[in-house]
Structure formats: C-alpha cells, structure tokens
Amino acid sequence: MRISDLVAAAHLRLRFLTGAEHADREVARVYTTDLLRPQRYLGGGELVLTGLMWRSGPRDSETFVRGLAESGAAGLGAGA
C-alpha cells in the first residue's frame with residue numbers, strides 16, 4: 001500500500017503536515033511505538049505510529065525523526 005492510499009481514505013482523516021512529495025512511498029508494515037529510539041526494531045518501509053509519550057522537548061523530536069529516517073521508515077503518524 002502507498003502512503004497516498006492511506007491519506008486518500010477520507011474516513012481516516014489523515015493529512016500531510018510535511019513530506020507530501022513522498023506520497024508514493026510503499027508501506028511494508030505498520031509499527032507502533034513510544035520509544036525515543038525505536039530504530040533497532042525497524043527494517044525499512046514501516047509506517048511508524050506513535051502517541052508521542054517519548055517527547056519531552058524539541059530535541060526528542062529531532063532524535064526520534066532522525067532515527068526513523070536513518071532506518072528507512074516510510075512515514076510517521078503521530079497524535080494523541
């Protein structure tokens with residue numbers, strides 16, 4: 001499935017905050033986490049979902065997103 005397919009499903013009420021140019025990326029699997037550094041559990045192609053429990057400040061966001069990018073995650077869904 002492509003990220004664009006998920007965003008197109010109106011009942012999910014998803015939207016791009018950034019990265020819409022990557023809408024054609026394939027999602028191989030979904031991974032949920034509240035770990036600050038989950039990359040050791042990722043193999044690439046994941047749509048990572050998080051409730052943001054790991055975030056205590058801006059530096060945490062940088063650490064988390066950098067780890068996802070380095071591991072080849074396909075996308076990130078975040079919210080409460």
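A pocket is an open set of grid points where a 1.4 Å probe fits, with protein on both sides within 12 Å along at least five of seven lines. The model shown in these views is predicted.

**View 1. The largest pocket and its lining.** About 970 Å³ of space lies in the largest pocket. Its lining counts 26 residues. Those nearest the centre are Thr 18, Gly 75, Leu 76, Gly 77 and Ala 78. Helix α1 (3-8), strand β2 (46-50), helix α2 and strand β3 (75-78) each give the lining at least two residues. Strand β3 supplies the largest share, with four residues.

**View 2. The salt bridge between Glu 26 and Arg 2.** The whole structure holds two salt bridges. In one of them, the side chains of Glu 26 and Arg 2 meet at 2.9 Å, N to O. Glu 26 sits in the loop between α1 and β1, and Arg 2 in the segment before α1, so the pair ties together parts 24 residues apart in sequence. Glu 26 is partly exposed, with a relative accessible area of 44%. Arg 2 is also partly exposed, at 35% relative accessibility.

**View 3. The salt bridge between Arg 29 and Glu 46.** Here the side chains of Arg 29 and Glu 46 meet at 3.3 Å, N to O. Arg 29 belongs to strand β1 and Glu 46 to strand β2. The two residues are 17 apart, and the pair links distant parts of the chain. Arg 29 is partly exposed, with a relative accessible area of 42%. Glu 46 has a relative accessible area of 2%, so Glu 46 is buried.

**View 4. Asp 60, a buried charge without a salt bridge.** Asp 60 lies in helix α2 (residues 58-71). Asp 60 is buried, yet has no salt bridge. The nearest side chain of opposite charge is Arg 37, 6.7 Å away. A salt bridge needs the nitrogen and oxygen within 4 Å. Leaving out residues up to four places away in sequence, Asp 60 touches Leu 36, Trp 54 and Arg 55.

**View 5. Ala 10 in the loop between α1 and β1.** Ala 10 is found in the loop that runs between α1 and β1 (29-32). Ala 10 counts as exposed because its relative accessibility is 63%. From Ala 10 to His 22 is 12 residues in sequence and 19 Å in space, C-alpha to C-alpha.

**View 6. The annotated stretch, residues 6-78.** An unreviewed UniProt entry places the feature "domain: Purine catabolism PurC-like" at these residues. Over this stretch the chain is 23% helix and 18% strand. The end C-alpha atoms are 14 Å apart.

Conventions:
Residues numbered from 1 in each chain as written. Predicted model: local features only at pLDDT ≥ 70, side-chain atom pairs only at ≥ 80, totals over all residues. Heavy atoms only, no water. Buried < 20%, exposed > 50% of the residue type's maximum accessible area, 1.4 Å probe, protein only. Lys, Arg positive; Asp, Glu negative; His and termini not counted. Contact = heavy atoms within 4.5 Å. UniProt positions renumbered as here; feature names shortened; annotations may be inferred. 1 Å grid on protein atoms, 1.4 Å probe; cavity = no way out; pocket = protein on both sides within 12 Å on 5 of 7 lines; lining within 4 Å. Points joined across faces, edges and corners; volume = space filled by probe spheres on them.
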